[in-house]
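User: Can you walk me through the ligand site in this one? I'd like to go contact by contact.

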Amino acid sequence: MTESRAGVFIGGEWLATDTFVANVNPSDTSDVVGHFGVGQAHHVDDAVAAATRAAGEWRATPLEARAMCLHAIADEVTRRAESLGDLLAREEGKTLPEAIGEARRAASIFRFFAGEVMRVHGEIIDSTRPGADVLVTREPLGVVGVITPWNFPLAIPAWKIAPALAYGNSVVWKPASLVPASAAELTSIIHESGVPAGLVNMVFGSGSTIGQGLVEHAGVAGVSFTGSVGVGTGVATATAQRLARVQLEMGGKNALVVLDDADIDRAVDVAVQGSFYSTGQRCTASSRLLVTPGIHEEFVDKLVAAADGLVVGDARAPGTQIGPAVNAEQLEQDLSYIRIGQDEGSELLVGGVAVERSTPGHFITPAVLGSASNEMRISREEIFGPVAAVIPVADLDEAIAITNDCDFGLTAGICTTSLAAATRFRREAEVGMVMVNLPTAGVDAHVPFGGRKSSNLGPREQGRSAIEFYTQLKTAYVMP
Ligand code: NDP
């Protein structure tokens, strides 16, 4: 008998619900992490009402007290990083070191925004009317809807909830259906920090009921969403219809360029980390490897050997480097794209097969598809698995053209020892984030995060840029 836990937290209380869903460990499908209560449509109304009531109290809370709440959250997430990481690895399938790292990153984000509480600046500008001043100040939005995906169950909620609170907003959070345990733990930690009851409400449940209800709710001033392009487009449409603010972070099809002059061992390591770690289930994963002729053969040989040597297994087992796909659907999506790639004419050089381990799980070996072209579906559509397509390119010109021939524009990377090549790539890549001799995935917690084209809509997340979404400007004209 596994534990049943409430999945709805409103007004500072966990609420009982009629239905529950099982949360299953993707490394061992016989292991049920727990049964979590599922919210209904009326819970969205109740949560928005609670958040509306709490917003006034939070705005009246002195800045130091607000900052102390965020520090308390950071302290507690840090203190519990190992157990939170273990739970995250168990329900999502990220390896234990990655999951503990994610918990620590969530703590860093709360810590950063604890500092930002004290740094909300305005401007005073002379008016064109003699004697008058113009004051430009920032105010919170009000109730913010936060909708998050399953692949970073702690970090992504942190990078939305922390700035929302830092800048004086209240929150209704709809976590992804696959990761209720991490959501419940983070909700409890936030509540125990001393924030007013109702400041952060969490409603676990389906995207179509809870997510859609939140997006359409007249009491929600803005929605910050991370997820797929398909769902994000619907969120943008619904918020546009009621003229609410929206911020979308969506998919990626990120290119990593490897030039002839690259340090080859570093380039292989950068490609392995970017393409395969976290089982490729990262919006920032390197899924297109663009390689010039002088290094192509040696790079591919070394990449194939490295991919072949990666340890695939239970996310929480010591030594595992690649955990399982998050569920059976994602595993099937990975395998089906590998078949599509082969049918399109690319060559499967290593991996790409479902494998069995001592526990029943959704395990897949990291795949390298060689001789790919940028026209193939495997080079244009987000797979979200440990699958890298190697696309031969003639030179830097072609590498930049192919990097930019893409619907997405999240990250792009280059491995080179040429400062001139790196500089040109950094300037010309049509993406939100560029990496030089570093994996396309893996970002700092204190700087802007986000993309261009179909990867993003609205202001950047994280760092000091977060203030743009979570506050609104007011211009006051004052004649003494
Ligand atoms: P989805 O778009 O399927 O879901 C994201 C969230 O939206 C979930 O909480 C989901 O709920 C919810 N949702 C589903 N339907 C609706 C709806 N009609 N209205 C409102 N909300 C809804 O994405 P995944 O969870 O599958 O995450 C993977 C995707 O996220 C990938 O495309 C990936 O690239 C992207 N991603 C982007 C990042 C970035 O910053 N650019 C970072 C990480 C991931 P439910 O779970 O119940 O379906």
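**Ligand site**

Analyst: A polar side-chain atom of Lys-174 lies 2.8 Å from an oxygen atom of the ligand, as a polar contact (a pair of N or O atoms within 3.5 Å). Bear in mind that this is a predicted model, where local features need pLDDT of at least 70, side-chain atom pairs count only at pLDDT 80 or more, and totals for chains, interfaces and linings use all residues. Residues are numbered from 1 along each chain as its sequence is written, and side-chain values use heavy atoms, with hydrogens and water left out.

User: How many residues surround the ligand?

Analyst: 28, with Ser-177, Met-250 and Cys-283 among the closest; a residue counts if one of its heavy atoms lies within 4 Å.

User: Which element gives the largest share of that shell?

Analyst: α7, with three residues. Helices are DSSP runs (H or I, at least four residues), numbered from the N terminus.

User: Switching topic: which residues lie nearest the centre of the largest pocket?

Analyst: Pro-149, Trp-150, Gly-227, Ser-228 and Val-231, out of 34 lining residues. The largest share of that lining, five residues, comes from α8. A pocket here is an open set of points on a 1 Å grid over the protein atoms alone, where a 1.4 Å probe fits, with protein on both sides within 12 Å along at least five of seven lines; lining residues have an atom within 4 Å of a point.

How values were computed: A polar contact is a pair of N or O atoms within 3.5 Å; within protein, one must be able to donate a hydrogen and the other to accept it, and residues adjacent in sequence count only if both atoms are side-chain atoms. Helices (H or I, at least four residues) and strands (E, at least two) are DSSP runs, numbered from the N terminus.
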